[in-house]
Amino acid sequence: MTTLAILTAAGSGTRLGREIPKAFVDVGGVPMIALAARGLAASGVVDAVVITAPPGRSADMVAAVGPLSVPCDVVEGGATRQASVAAGLGRADAATDVVLVHDAARPLAPPALVERVVTAVRSGRSAVVPGLPVTDTIKRVVPDGGSPAAPGGESAQPVERVVDTLDRTALRAVQTPQGFDRELLQRAHAEGAARAAAEHLAATDDAGLVEALGVPVHMVRGDAAALKITTAHDLAVAELLLEGR
Ligand code: CTP
Ligand code: MG
């Protein structure tokens, strides 16, 4: 009975706009990948970590992570996040019964959150995601052809038309780590993407691939500290959170 955590770090970080891949960017003076890996190890419920690195950057990744209290392996990721997770999943052996998938872009995910997800999987839920209530009003929109130039001569902005307002009490913003029964996640990666495409389902995370199989996905309480660093704004927020720890 072992838990393997796949830590996705093969992205380039286009929206963050740095010269280096996002996982190598420091938060509070420590590379994001090292913080994320330490958070997983500190949970006490992760037995091994496999990191997906950008092509040709595996040795740099090992160096950036530094010493870790659990075994850590690095594999090259793929062109998409899904392909990277699949590459990491290739390292899960028959002794692995639970797989966690976590984004290096969420370096401050607290160990207690990791534990919450793994405990839920070990109590019989075969797919578990952390989620938080949404606080903004969420509206569905469609493009609205017109793109009028502002009177002051400013450049034209795209305009969208609101279709409806969603009931936010039923909505959750989903985070990582997501936890799965190993065989279920392998089946989801083998079959889920094609099914999701055929049925026009959004499968933008691993749980989405499981949903496409028709298997129930459960949710536990997320944590605001597990925010995803996408933009420079997010990085500034993460720096402040780390200062306060
Ligand atoms: N990721 C990955 N392999 C890819 C793409 C993304 O392992 N081919 C990882 C990223 O490293 C990140 C996580 O998936 O930890 C979530 O992706 P995102 O936040 O979109 O990171 P990037 O793809 O690096 O950023 P951007 O989309 O701005 O380029
Ligand atoms: Mg991306």
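Helices (H or I, at least four residues) and strands (E, at least two) are taken here as DSSP runs and numbered from the N terminus. The structure is a predicted model, in which local features need pLDDT of at least 70 and side-chain atom pairs count only at pLDDT 80 or more, whereas totals for chains, interfaces and linings use all residues. Residues are numbered from 1 along each chain as its sequence is written, and chains are lettered from A and ligands numbered from 1 in the order in which they are written.

The protein has 7 helices and 12 strands. Its radius of gyration, taken over C-alpha atoms, is 19 Å, close to the 18 Å given for 245 residues by the globule rule, so the protein is as compact as a globular protein of that length; the rule is 2.2 Å times the number of residues to the power 0.38. Along the principal axes, the C-alpha atoms fill a box of roughly 65 × 40 × 35 Å. Of the 245 residues, 39% count as buried, a residue being buried if 20 or more other C-beta atoms (placed from the backbone) lie within 10 Å of its own, exposed if 12 or fewer do, and partly exposed in between. With contact defined as two C-beta atoms, placed from the backbone, lying within 7 Å, residues 24 or more positions apart account for 67% of the contacts with a separation of 6 or more.

When residues up to four places away in sequence are not counted, Ile-51 touches Leu-7, Ala-9, Ile-33, Met-61, Val-65, Cys-72 and Val-74.

Met-61 and Val-65, together with Ala-64, are the buried residues of helix 2 (residues 58–65). They lie on the same side of helix 2, because the arc that they cover around the axis is only 95 degrees, as given by the directions from the helix axis to the C-beta atoms. The buried residues of helix 2 pack against strand 3 (30–31), helix 1 (32–42), strand 4 (48–53) and strand 5 (72–76), while Ala-59 and Ala-63 are exposed on the other side of the helix. Gly-66, whose phi is positive, near 70 degrees, follows helix 2.

Around ligand 1 there are 22 residues, of which Ala-10, Gly-11, Thr-14, Arg-15 and Ser-84 come nearest; a residue is near a molecule if its C-beta atom, placed from the backbone, lies within 6 Å of it. This shell has 6 nonpolar, 11 polar and 5 charged residues, where Ala, Val, Leu, Ile, Met, Phe, Trp, Tyr, Cys and Pro count as nonpolar, Asp, Glu, Lys and Arg as charged, and the others, Gly among them, as polar.

A cis peptide bond, with omega about 10 degrees, joins Thr-176 and Pro-177, and Pro-177 is placed in the loop between strand 10 (172–174) and strand 11 (178–181). His-200, in the loop between helix 5 (182–198) and helix 6 (206–212), has a positive phi near 55 degrees although it is not glycine, and it counts as exposed because it has 6 C-beta neighbours inside 10 Å.

Leu-242 lies in helix 7 (residues 232–243) and, with 16 C-beta neighbours inside 10 Å, counts as partly exposed. Beyond its neighbours within four places in sequence, Leu-242 is in contact with Val-27, Gly-28 and Leu-108.
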